[in-house]
Every structure is written in C-alpha cells, then in structure tokens.
Amino acid sequence: MEIIQQLVNGISLGSIYALIALGYTMVYGIVKLINFAHGDVFMVGSFVGFYSITFLHLSFFPALILSMVACAVFGVLIERIAYKPLRNATRIAALITAIGVSLLIENGMIFFRGAQLEAYPNDILPTNKIDILGVTVESKSLLILGVSVALMIILQFVVHKTKIGKAMRAVSHDAEAAKLMGINVDNTISATFAIGSSLAGAAGVIFGTYYYKIEPLMGVIPGLKAFVAAVLGGIGIIPGAMVGGLLLGVIESLVSAAGGSLWRDGVAFIVLILILIFMPQGIFGKNKREKV
Amino acid sequence: METDTPLLKVEQVGIRFGGLKAVADVNMKLYSGELVGLIGPNGAGKTTLFNLLTGVYVPTDGRIFFKGENLRKQPPYKITKKGISRTFQNIRLFEELSVIDNVKVAYHSLAKHSILSSILRLPNHFSGEKEMEEKALEFLKLFNLDQYRDDKAKNLPYGQQRRLEIARALAANPELLLLDEPAAGMNPKETAQLMELIAFIREKFNLTVLLIEHDMSLVMGVCERIYVLDHGQLIAHGTPEEIRNHPKVIEAYLGEEVS
Amino acid sequence: MIKLKQTKGFWLSILFAFVLFTIVQVVISSAMINFYFVNMILTMGIYIILAVSLHLIIGITGQFSIGHAGFLAVGAYTSAVFTMKLGQPLLIGLIAGGLAAAMAGMLIGIPSLRLKGDYLAIATLGFGEIVRITFFNIDYIGGPSGMMVSQLTTWPWVFGCMLLTILVIRNFTNSTHGRACISVREDEIAADAMGINTTYYKVVAFLIGSFFAGVGGALWAHNFYIIQPSQFGFLKSFDILIFVVLGGLGSMSGAVIAAILLTLVSMLLTEYPETRMIIYSLILIFTMLYRPRGLLGTKEVTSLFTNRRNKKGGPKDGNRHTVA
C-alpha cells in the first residue's frame, strides 16, 4: 500500500508541475521562448496567496483567484517590458533576458521582504483523512487535485472553444499568417502570458497550501522541473504538459520511495537529458525540421 | 547500357515529411562537364532535391550515386569533401567573418596543420595558415572581391554577397557545383554578369553545374539540358527547345501564374 | 608586414604580462595590501580563466552552455581529492581537475550534438545540476557539508594558469580550427556544406573549454578553504555567463574585461548579495535590450587599437589583447 500512497503524493506534486508546465508550454508554443521567469511568477503567486490569506483573511478560493489575477497582470507586464522589444532578436538574446528577469524577480523579492521563510496557515482547507481501499488520503490532496484538474479543463475549453484560444492557436501555428488574417498578434501573445501566469499563480497557492513553506527562491527548482515536464510531454503541446507534469511527479515520488530521496532532485534532470537525446520531440510531439 | 558513367546518378529518389511527399521518384543523370538546369514553379521541391543531394536530408526512397559511390546516409560535410558543393537560396554566409575568412573556411578540409600545432604555434601552423591565406586571396582576386577582403561578409552589397557565396562554394574544391537560384534578387545586368561568371568558372575549374532557377528564360539561355520539377515530381526533361514546347511544362507554369 | 606586426604585438604582450605579474607579486609579497585584496586579485584571475573558457564554447562556437559551474565543480572536487586525500602536489591536482572536467565536457558535448540553442542550454543546465546533486550524495567527499581544502593557490599559480588559458584559447581561435568553430556559430548548415565536421568542432570546443574550467575549479578549491556542492549551483553558472554576455559574445578581451569589472563590483557589494544580483540581472537585461552583442561585440581590444593606429598613426600599444 506504500506504493499507492507514494503514487497519490506523486500525483499531487505532479499536478503542481503540470500547472506550471502549462505556462511554459503555451509561451514556448507561441513565441519560442523558454520563459525562465515563469518559476518566479509561481513564487510571486504563492506570496500573493499567502498575504491574501494572512492579511486580507480570505479563504482558499478567493485567495486562489486573487493570486491568479495578480499573476496574470504580472506576467503581462514582464512580457511587455522585457520580452516584447526582443521579439525579433536571436533566441539566445531572449533566453539571456529571461534569465535576467528571473534573477531580478528573485532578488527583488529578497531585497524588499528578506529571504526568510513564510508558512501558510494549516487550517485553510479541511484536513480529514479519507480511507479509500486501505489507502489513507487527505481530503486536502483530493481538493487540490480537483482544483488542478478543473483548471486544466477550463484551459482546454478556453483554448479550443473561445475566440482568444483560436487566435492563440493560429499565432503559434504561423504568426505572420495570423497577422494577415487580422489577428492582433501582440494582444494574443499577452493573453497567452496572462493565462500561463495565472495558472502558475494558482500553482503557487496550491503549493503553499500543500507544503506550507514558501520563500523567494522556491520557484527555481519547481520551475525547472516544470520545464522538464513540458519537454517530456512535447513542448508547445498543452495536453503534453499535463501528462508530463503528472508523470514527472510520479517518477520523483517513486524514486523517493525507493530510498533515493537525496537523488529526487537529480531525477528530473536525468529524465530531461534522456528525453532531449532520445526523444527531443517529447511524448506527444511531432518531429520538426529546420528549414534550409 | 551507358558506356560513360555519369558523375551524378539519382535513382527513384523521394522524401516524405510526415505523410506529405515533398519529392518522389526523381531520376537524374549528370555527366562530367555539363551545365544542367532544374526549373519548376515555387514549392515544386527544387531546394528539397538539393538538400537530398547534399545530405541535409536523408532520402526515404531511392539512391544517389556520385562518381559511382552510393551517398546513402553520408553527412553533408563528407559529401562536400567528396566533391559536391552548393550555394543557398537565402544567402548563408558567415556574416561576422571577414570576406577572406569565409573563403578560408571552405579550405579548412585541406588544412595540413592539426589543432595541437595551432595551439603550440608549431612551424606547420604558420606555413599552413599562410598557404590558406594565399589561396583564398587568389580566389578573391578571381572573383574581383579582393578589395573587400577584410570587410565583414554581412556588410557586402547584395550582389557581392551572392558572388562571395559562389566563391566560397568553389573554394571547397568541388567537381559538381549546385547553385540554388543564384540570380534571385538581381537586376538583368547583374544576372547577365553572373551568367558570364558561371560560364567562366565552369571552363576554368572543369566543373559540372546543376542550376536551380525560377526564371525560365534565364535557364533557357545557358543550360544544355533542363529538368522540370512540379509537385515534387519530374514532369519533363530535355533540351531548352523541347522544354519550351512541352505541354506539361506550359501547364505547370500557367497554373502557377493563374493562382 | 602583417605577420611582423602580430609578432611584435605578441612579444609586447608577453612583456606586459611579465611586468604585470612582477608588480602584483611584489605588492603581495611586500604585504602592502591586506588579505582581502590579495583574495580579490586571485578571485579575479580565476574568474578570468572561467570567463575565457566559457567564451570559447559560447562566444566562439556558439554553443549556448549554461552549466559551466558543473565543470568548475568537477575540477574543484577532483583536484581536492588529489591533494587532500591522495597527498599529491597542487600541480597534479590542477592537471587532474582539468582532465576530469574535460571528460565531463566530452560527456555533455557528445549528446549535445543533437541539440541546439535553448534545448542545449537546458540540457547543460540540467547537467550542472546533476553534477551538483551527485557530489551532494558522495560521502567520500563530504556530501552536503563539503570538503576542507588547504589554501595552496597563490598568485604565480593563478597567473600561470590564466596566461596558459588565454594563450591556448587565443591560438586555437586564431587558426583554421577557430574559424571552423566560428563558422559553426555563424551558420551551422553552411559550415556543414563547406566541409566542416561541425560535430567534431563542437566537441573540441567543449573539451578545451571544460578543461580550463576544471583548472579554474582546482584553483578555486585551493583558495577558499572549503568546497561544498551548494557553491556550484546554476547561479554560479550565470555568474560566469554574464562575463561572456556582457563582454561581447565572441570577444575574449571583452570577457576578460567584464570578469575584472564585475569581480570588482561584486567585491564592493559582498555585504549586499541581493543588491549585487539585482545589478547583475539588470546588466543582463539591459545588455540584451540595448547592446545584444555585448560591450565589444565580436571585436577584440587589440582591433580597437589597430584601427586607431591605422587611422591616426598612433603609438603601437596593441598589447592589451593577451593580458587585459
């Protein structure tokens, strides 16, 4: 039963990765940029959630929504200020800028509030233990999983059924052609950043609720791992990010369970390098060729 | 049964990207010293065929022989060393390198000095570099590019960039030269000069040339034989005169003009 | 004529290097400056080695590697094992550190051949993290708490290694092999079409670059008394990356100047690490926004002098290339 317990932990962790990975994948799909600062948006979201709960005395859902809105605005600001001027620059220049933005957010946060830990209160969500076929599951885990899945379903709906979703798909397919068809490319890109960042914000609040401790550098490792998840699923592909995130969470939990808890952080990167070498297009990806 | 082995023999070559057949069932023979044209409307697969010949793409079907040797799965740099060199439709110079260094890069495979002798600055580093310098300069003079020798390639005027790309391709010492729309973006006068240049180098280096050109009239003037590609397939092959009156060719080109 | 000039510049550089070495050595041994400044000079020298070695990989060959701290760590730990555990002299430690890092460079270089641009960047970053986590888990070298290392790094060692790094990479770059690497950076497909074995030159660049990063790591280990896996995280990689980016992708003198300037800045801000990182990140962002090719672009300091000399017939002082 230990294995199933670990599986449940893995899925909870994985759903957080998946939420962050969605933002990576959407942004990469549309502007071909690895948005290094995305993990830091997740961190900011977690802090917004924390302050809404402790200072504004909001409950879980209002805090979640407030954090999502704040992160959406934040993401759009990052895009407009730092990335937009570089849209025609080399990809390396854009990547270096993204690294710069990431460092700036982390250290700006430390500068303004210090590097100390903060802990989410542990009574935000009910913590009943539920017994399912001999496996004890916290009701909190189920709720978190439910929220993650709900957000992913909403995302699928937005991408496939709404006008902005269609515009996003068109721009990621061919930005030039989309422009000629009268789609406002700038706004579509901003919308992508907004949606991706709001999901990261949600992930931040969920992370805080689940693991309690948050700090300014908390976004770095989950951010990188979420990127691994996005690559694993096939970068640019939305269902790929979800599957990749869940898979990575499960792999990590199983490695921990097998006694390699110190190696847990290394596993994601080993997975990454293996995937990049043997299956660079990811699980759901199509093979693309460079145009000569 | 041919008595003379062709320099390049393309047998039933094709490539699929996903389900799409970009090029299919292409057969071609090029004999030493020929100047052959490859024409076709936009998107007919001309550049894709070049990429197959130079190893950028690996054909999904068929075989390519160069001097009787199967080129299957040879990487591009090895194919270049065997004697096939090319230019690109969208000029691909080493922009930050000087004009002379662009040519020197093409000489690289002939370099006699090793990495170690360069690092230790052994005598054969100096002699090797000097030899490259002299050869490259000779080439630039031949192409009237020596006045630009220390300019960055990206700062050359457009027409000169095209010339430099051809010079660079020739510096790799090919027997078969593949030119991908060398006259694209040139005015009629520049085009005429270019065609003279091509005739001249062909004579001088005893080259075989395969020339992609979008503009039919241009190819008709210089090529001895012409292959016509449309929708990835060869639709005609013959002398300029035969091609001019070929119904399928007329149809292919008319079709393009209508759309 | 040109050859003669280069030779002259070369000997002038050697002379300048010798003078610089002697002055610093005299200043250090006469105890005119305190420990803090000696340490700053040594750190600067080590950062120059790291910057120049990464310059070969990113600036010359165009392989965007952001896991340089991984090579640094391999060099640091290997050399420390040789000197502290096996009782070997520092020289053996330096060579072993360099060779071990070069092997690691091969390891990452070979798979990276299939990757380009941002995928390569992520793979190298992942590699750096794997190295760190591996050291974290090896008890023989102290695991998370690290290893105590005696202070053996001195100015002559740092200077010698720095000079060697600069000379080797300069000589490599200014040869047909360096041009082959640059052609890979400029346009890999065209380089391939010109008969350049792009795979080979990428591996060579990783090999040479990581060797010197390993040497730098060995000097590093023997300068700070203790090495811990946490010192070699990707923030360290970014520290080195910023030298190369700010100096100019493709300019060795630019990387050297950036390493000197930024070491000074970070020494001044030792007490305010987050301010330092804020400044670093703003430098990265503004460099990319306003001077995406860095301060010097692909130019070298020497070429600035050459141009001026040609135009104004000024004094021949093109010697900063090698040393500064």
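First, the conventions. Residues are numbered from 1 along each chain as its sequence is written, and chains are lettered from A and ligands numbered from 1 in the order in which they are written. Because the model is predicted, local features need pLDDT of at least 70 and side-chain atom pairs count only at pLDDT 80 or more, while totals for chains, interfaces and linings use all residues; side-chain values use heavy atoms, with hydrogens and water left out.

I start with chain B. Four strands, in the order β2-β1-β4-β5, form an open sheet with antiparallel pairing. Strands here are DSSP runs of E of at least two residues, helices are runs of H or I of at least four, and both are numbered from the N terminus. Two strands pair if DSSP finds at least two bridges between them. β2 (20–30) and β5 (69–70) of chain B are at the edges with a single partner strand each, so one side of each has no neighbour in the sheet.

Now the pairings of β1. Strand β1 (residues 8–17) of chain B runs antiparallel to β2(B), with 7 bridges. In that pairing R16(B) is opposite K21(B). The two strands make a hairpin with 2 residues between them, and in its turn G18(B) has a positive phi of about 65°. β1(B) also pairs with strand β4 (residues 61–66) of chain B, antiparallel, over 5 bridges. There V10(B) faces I64(B), and G14(B) faces D61(B).

Next slide: β9 of chain B. Why call this strand largely enclosed? Strand β9 (residues 225–230) of chain B has 6 of its 6 residues buried, so the rest of the structure largely encloses it. Buried means under 20% relative accessible area, exposed is over 50%, and partly exposed is in between, using a 1.4 Å probe and protein chains only. Both faces are covered: R225(B), Y227(B) and L229(B) are buried on one side, and I226(B), V228(B) and D230(B) on the other.

β9(B) pairs in the parallel sense with strand β3 (residues 35–39) of chain B over 4 bridges, and Y227(B) is the bridge partner of L38(B). With strand β10 (residues 233–238) of chain B, β9(B) runs antiparallel over 5 bridges; here V228(B) is partnered by A236(B). The β9(B)–β10(B) hairpin has 2 residues between the strands, and H231(B) takes a positive phi near 50°.

On to chains A and C. How much area do they bury between them? About 3,600 Å², 83% of it on carbon and sulfur atoms. Buried area is the accessible area (1.4 Å probe) lost by two parts on being put together, summed over both. On the side of chain A that touches chain C, the elements giving two or more residues are α4 (91–113), α9 (220–233) and α11 (264–278) of chain A. α4(A) gives the most, 15 residues.

Last, I182(C), in helix α7 (residues 176–186) of chain C. I182(C) is buried, at a relative accessible area of 11%. Beyond neighbours within four places in sequence, I182(C) is in contact (heavy atoms within 4.5 Å) with L97(B) and I60(C).
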